[in-house]
Amino acid sequence: MRFFVAMLSHETNTFSPIRTDRAQFEAHDLRYGGELLETYRGTGTCLGGMIDGAAARDVTLVPSLAATASPAGRVAKEFYAEARARLLADLAAAGTLDGVLLDLHGAMVVEGIDDGEGDLLRDVRAAVGATPIAVTLDFHANVTRAMVEAATLLHGYKTYPHVDMDARGREAVARLAEVAAGRVRPTVAWRQPPMLPPIAGQLTTRGPMRRLYDLAEAMERRPRVLSVSIFAGFPLADIRDAGLSIYVATDGDPALADALADELAAAAWSLRHDFLHTALPVKDAVARALALDGRPVVLADIADNTGGGAAGDTTEILRELLRMGARSATVACVWDPEAARACVAAGAGATVSVAVGGKVDPAHGAPLTVTGRVRTLSDGRFVYKGPMLRGLEGRLGPTAVLDVNDVKIILVSHRRQALDPEMIRFVGIDPAAEKILVVKSSVHYRAAFEPLARAILEVDAPGLSSSNLGRFTFAHVRRPIFPLDELSGD
Ligand SMILES: [Zn+2]
């Protein structure tokens, strides 16, 4: 069999002032053709799983583009148009295909197009006619009717932290092969209860999403059920369809798909209050971290997670650490290309005074001027060790560690979520030996940091990935929706 494969992935935080243009994709990943296979083979990603699954069943992959950028504001319309045109041109040139595999996010918002994936999938469907299309979607996808109608099958990640991306890629290939061979005939149901769960309440290791996925996994063991996805949704993409949704695919049994989707939607609704979340104020969190015995204590800066579209440059926790005279602390990472450049210019070992962070978005805090020693300089290349993104190379761009009285600030030039301790180790700091680790991440850090942390404290600092949705002014999401509106009834 021959399957076309492409990736176009962006999680768009519509509250972010950072426009996601071509340069943002180039800084993260933008590849074409055979390079897609070379880069992603063997990695813990959807594409890695698709490549692996195809090799296991003698499927030939016809690679097109792989484009992803760090979550930020709307995708520039010129870049989206270029990427879509490239993908459609490759599709037209691909010859006879038995299936199409797409690795999409599901919360991509383009300038002028709220439903990026729905728009793309409509065009792909129009181009391939009845050829089956299988799509992997992020757990944070804001699924729309257009996506459901255009795709043959959607496969959402079932974990947050996302540790099953490669498994979903393999599953998508396997199901697509069955559909292409005529062995299964998918019938799907989709439900969208009026829920907008905040990010920090969505983890799947415990809490309401764990309970929902336990139900879903039991459903998947039933005959004729092909797959069940519960999308927690990405609340900070303020579009009509933001929020939680349920997708059930069965083999030729629409009534069963409907019944299971209804059951899960009702279960999600009954658990809606359990998604709500509170974190510690900055001063309390730092005081508690300093008072705790043992190390390291992780202070999770959940509101300034670049992986949720925040700037990654707020300084409130850093400011408090310095005020309290903390020692043996590392802040991973502050996005500040200008400060990193100043450190590079000064050279390793030099003492510099620089204004750090607070440069993107004045509403979330000011720059902090510090004087410290340039401890380490790096080109910012490292390899993820997992459980997430295992084997993939990360590029942070020119990187410097600025040591301010044993508070080490990792200054990076590209925005990447601090989800892997490798992002601390690669600049010569042993995360396990530190007293305090500030990690700018909402939930993903848990996969790799929980096993080494003495304690984890979630901090309610300012930032564009805050789980306090009351801090945002929503204008487009459908209303009423919980928790923005009080909704009664079970
Ligand atoms: Zn996600």
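Helix α3 (residues 46-56) and helix α7 pack at an angle of about 40°, with their axes 6 Å apart, where axes are lines fitted to C-alpha atoms over the stretch in contact and angles run from 0 to 180 degrees between N-to-C directions. This is a predicted model, in which local features need pLDDT of at least 70 and side-chain atom pairs count only at pLDDT 80 or more, while totals for chains, interfaces and linings use all residues. Residues are numbered from 1 along each chain as its sequence is written, and side-chain values use heavy atoms, with hydrogens and water left out.

**Helices α3 and α7**
- α3 and α7 are therefore oblique to each other, given that angles under 35 degrees count as roughly parallel, over 145 as roughly antiparallel, 65 to 115 as roughly perpendicular and the rest as oblique.
- The contact (heavy atoms within 4.5 Å) is made by Cys46, Gly49, Met50, Asp52, Gly53 and Ala54 of α3 and by Met165, Asp166, Gly169, Arg170 and Val173 of α7.

**Helices α8 and α9**
- Helix α8 (residues 208-220) packs against helix α9 (residues 254-270) at an angle of about 165°, with their axes 10 Å apart, and the two are therefore roughly antiparallel to each other.
- On the α8 side the contact is made by Leu212, Leu215, Ala216 and Met219, and on the α9 side by Leu260, Glu263, Leu264, Ala267 and Ala268.

**Helices α10 and α11**
- Helix α10 (residues 282-291) and helix α11 (residues 316-323) have axes that come within 10 Å and cross at roughly 50°, and α10 and α11 are therefore oblique to each other.
- In this pair, Val282, Lys283 and Val286 of α10 meet Glu316, Ile317, Glu320, Leu321 and Arg323 of α11.

**The zinc site**
- The zinc ion is coordinated by Asp138 (OD), Asp138 (OD), His140 (ND1) and His162 (NE2), at 2.1 to 2.8 Å; donors are N, O and S atoms within 2.8 Å of the metal (3.2 Å for Na, K and Ca), and since water is not among the atoms, sites may look incomplete.
- His140 lies in the loop between β5 (133-137) and α6 (145-150), whereas His162 lies in the loop between β6 (153-156) and α7 (165-180), so that the pair, 22 residues apart, links distant parts of the chain.
- The four donor atoms around the zinc ion subtend angles of 51 to 144°, which makes the arrangement irregular, because four donors count as tetrahedral if all angles lie between 85 and 135 degrees, four count as square planar and six as octahedral if opposite donors are over 155 degrees apart and all others between 65 and 115, and anything else is irregular.

Notes. Helices (H or I, at least four residues) and strands (E, at least two) are DSSP runs, numbered from the N terminus.
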